[in-house]
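Thanks, everyone. I have one structure to walk you through today, so please look at the screen.

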Amino acid sequence: MDYPRQPSVHLSSEHEEFRSAVRSFVEREIRPNATAWERSGEVPRELYSTAGAAGFLGLRYDPRWGGSDQDYFATVVLCEELAKGDSIGTAVALMAQAEFALSALADEASDELKEAWLAPAIRGELIGAIGVTEPNAGSDVAAISTQAIRDHDEYVISGHKTFISNGTRADFITLAVRTGGEGSGGISLVVFPTDTPGFAVGRKLDKLGARASDTGELFFDDCRIPASNLVGDEGRGIHYILSHFAGERLVIAAFAVGVMERLIELGLDQASDRQVFGKTLAGFQTWRHRFAEMATRLESTRQLTYHAADLLSRGDPSGEMAVSMAKLAAAENAQRVAAEVLQLHGGFGQMEESPIPRYYRDVAGFSIGAGTSEIMREIISRQLVTV
Ligand SMILES: Cc1cc2nc3c(=O)[nH]c(=O)nc-3n(C[C@H](O)[C@H](O)[C@H](O)COP(=O)(O)OP(=O)(O)OC[C@H]3O[C@@H](n4cnc5c(N)ncnc54)[C@H](O)[C@@H]3O)c2cc1C
């Protein structure tokens, strides 16, 4: 059955029309293929061009580059619906492009870089990735050591990145590099074309969940790129990265809302079908109350997510704290709901022919990617407690 979603003052009829378009896309293009893509460990390249043609890869960006200049609620609606496609890996593969790789370019890159990389990525002709994390620098972004040394009109890049979504076949990487001394002030962002000599993709990483999203190790050995590939100003990279984390965190929070809706729908179907001891599971108060609790988790996450989207759309500085709260709550609530729905399904919940075990694995990453839950608590507590 369809989850009885309540109306929201934040969503216009245009947002709801857009939701219907994304839902049809998910039912047509994603859900029937999800199992095959999960097994192969990647989505087909054509999915990016299909999503680009549908306008999904540039929602908030300038129409000059092919975007549609919408607000954060369009991103929320897109992510909620993508998350219902029974493959968070597929949703990650698309949003690693649409949000993670492109948002800093859309806001900070030169027109030349936008023309060369942003516009074709919005059309889905090129695949992009965001390259920040290194083996010795994850949560502590300021500890990155991949170096970019200026040599006349080029940067020479050497180093190692890991856990990069879309990394095994990206055409370009929005790459965090150290152009200056130690600490956060020495970090810059560049657009790195992956056909640059000296670049190599290492292992395609085998992981717990989100398996349809390829995740790679990347190696840079004296790679020369034009200095004009610098995004914004030298030494401002950490600011660009941290300020665009808000969009990434909103994506995960909205994925969690979509996942919980889908899981509750699957759970309600199961609860009304499955007979035990002469009645349906729904006939037992323990399960009815657990559905009430799951719906409350879903709606509280939705409210925090929509509140954050509202503040971000208005450029309110408290958006950072709100989106951290939304992501923190989203990860915990989605993980709890996935565990409950898994339990409700009994032995069938353990079977790979059902989407339930996949969702159970996929939501584990919600408390890690785009900033861990500990980092979310750190950001929130900084606004509350002075030490
Ligand atoms: C599937 C997947 C896809 C990813 N995609 C990308 C990508 O596309 N691009 C990219 O750049 N990165 C990507 N990442 C990396 C991701 O952003 C990092 O894994 C994440 O930021 C955590 O960093 P870490 O793994 O190094 O863990 P660490 O930073 O080493 O953290 C280990 C543990 O310590 C805790 N911890 C860290 N700091 C503190 C603190 N101050 N106080 C208390 N506890 C703390 C953490 O919360 C965690 O529990 C991806 C990761 C995964 C799993």
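Predicted model: local features only at pLDDT ≥ 70, side-chain atom pairs only at ≥ 80, totals over all residues.

The protein has 12 helices and 10 strands.

Now the overall form. Along its principal axes, the C-alpha trace spans about 80 × 45 × 40 Å. The radius of gyration is 21 Å. A compact globule with 387 residues would have a value near 21 Å, so the two agree. Next, the contacts. Take those between residues at least 6 apart in sequence: 75% of them join residues at least 24 apart.

On to the domains. The domain assignment gives domain 1 (13-122), domain 2 (128-235) and domain 3 (238-384). Let's look at domain 1 and domain 3. Their centres, taken over C-alpha atoms, are separated by 20 Å. Domain 1 puts 21 residues into the contact, and domain 3 puts in 21 residues. On the domain 1 side, α4, α5 and α6 (103-108) each supply at least two residues. Which helix gives the most to that side? That is α4, with eight residues. By type, the domain 1 side that touches domain 3 divides into 11 nonpolar, two polar and eight charged residues.

Stay with α4 for a moment. Is this helix buried or exposed? Buried: Y72, F73, A74, T75, V76, V77, L78, C79, E80, E81 and L82 are on the list. That is 11 of the 11 residues of α4 (residues 72-82), so the helix is largely enclosed by the rest of the structure. And what covers these buried residues? The cover includes α1 (13-30), α5 (88-101), α8 (237-273) and α9 (285-313).

Last stop, the ligand. There are 23 residues around the ligand. Which come nearest? Those are V132, G138, S139, T372 and E374. As for elements, α5, β1 (128-131), β3 (154-165) and α12 (373-384) each supply at least two residues of the shell.

In terms of domains, the shell draws at least three residues from each of domain 2 (128-235) and domain 3 (238-384). Its residues divide into 10 nonpolar, 10 polar and three charged.

That's my tour. Over to you.

Terms used. Residues numbered from 1 in each chain as written. Buried ≥ 20, exposed ≤ 12 C-beta atoms within 10 Å, placed from the backbone. Helix = DSSP H or I, 4+ residues; strand = E, 2+ residues; numbered from the N terminus. Contact = placed C-beta atoms within 7 Å. Near = placed C-beta within 6 Å. Nonpolar A, V, L, I, M, F, W, Y, C, P; charged D, E, K, R; others polar. Domains from an automatic or database assignment. Rg over C-alpha atoms; globule rule 2.2 N^0.38 Å.
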